[in-house]
Amino acid sequence: MRIKAVGATDEELLTAVINLGNRNRKRLGFLPRAAFRQAAETGTLLAAVEGTRLAGYALYGLPGDRVRLAHLCVEDDFRGQGVNQRLVEAISDRHADRLGILLKCRKDYGLERMWTRLGFEPRTEVDGRGETREPLVVWWRSHGHPDLFTDLEPTALVT
């Protein structure tokens, strides 16, 4: 299995990604075709490909100093084979200069074990935007850079 950036001219692969996203929109939320195309144009759409088959994809943005994961989706036939892990690792490798990866996921989906296994930690909860306003858990995967919350060791020697 290989992870590749989906380019704007990769029409067949881009269509496969859009179709997978549309089949899973109940959990992922709706994204218009133009959003997928824009992600392909900006290099923020990765696909996991096995032979000629799409195994899964990750669509993300790069706001400020972090990565914002919008979609992480795997074909049913490839679930349980580490596709999610490979996609998240690829994002981290490509954007190691960013503080980390942020995402929001509905609490009632019960995906806590998966996100934790992928190296994410829950940070807080916020109200969802849908009709039911289901709470969203905000997840964070740090890239290990110091930030305002990092305990910095004092530089002075204690005598």
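This is a predicted model: local features need pLDDT of at least 70, side-chain atom pairs count only at pLDDT 80 or more; totals for chains, interfaces and linings use all residues.
## Confidence

Mean pLDDT for the protein chain comes out at 91, and 92% of the residues reach 70 or more.

## Helix α4

α4 is a 12-residue helix, and from its first C-alpha to its last it reaches 17 Å. That is close to the 16 Å expected at 1.5 Å a residue.

As for burial, the buried residues of α4 are Val83, Asn84, Leu87, Val88, Ala90, Ile91 and Ser92.

## Around Ile91

Ile91 sits in helix α4, which covers residues 83-94. Its relative accessibility is 0%, so Ile91 counts as buried, the cut-off being under 20%.

What does Ile91 touch, once residues up to four places away in sequence are set aside? The list is Leu46, Ala58, Tyr60, Val67, Leu69 and Ile101. For a sense of how sequence and space compare here, take Leu45: Ile91 and Leu45 are 46 residues apart in sequence, with 9.6 Å between their C-alpha atoms.

## Aromatic pairs

A pair of aromatic rings is described by the distance of the centres and the angle of the planes. How many aromatic pairs turn up here? The count comes to two.

One is Phe36 with Tyr57: the ring centres are 5.9 Å apart and the planes are at 65°, so this pair is edge-to-face, since that label applies over 60 degrees. Phe36 belongs to helix α3 (residues 33-42) and Tyr57 to strand β3 (residues 53-61), so the pair ties together parts that are 21 residues apart in sequence. Both partners are tucked away: Phe36 is buried at a relative accessible area of 1%, and Tyr57 is buried at 0%.

Then there is Trp115 with Phe120, an edge-to-face pair with 5.5 Å from centre to centre and 80° between the planes.

## A charge over a ring

The charged end of Arg27 sits over the ring of Tyr109, at 4.6 Å from the ring centre.

Conventions: Residues are numbered from 1 along each chain as its sequence is written. Side-chain values use heavy atoms; hydrogens and water are left out. Helices (H or I, at least four residues) and strands (E, at least two) are DSSP runs, numbered from the N terminus. Buried means under 20% relative accessible area, exposed over 50%, partly exposed in between (1.4 Å probe, protein chains only). Contact means heavy atoms within 4.5 Å. Rings of Phe, Tyr and Trp (its six-membered ring) pair if their centres lie within 6.5 Å; planes under 30 degrees apart count as stacked, over 60 as edge-to-face and the rest as tilted. A charge sits over a ring if NZ of Lys or CZ of Arg is within 6 Å of the ring centre and within 35 degrees of the ring normal. pLDDT is the predictor's confidence in each residue, from 0 to 100. The expected span of a helix is 1.5 Å times one less than its number of residues.
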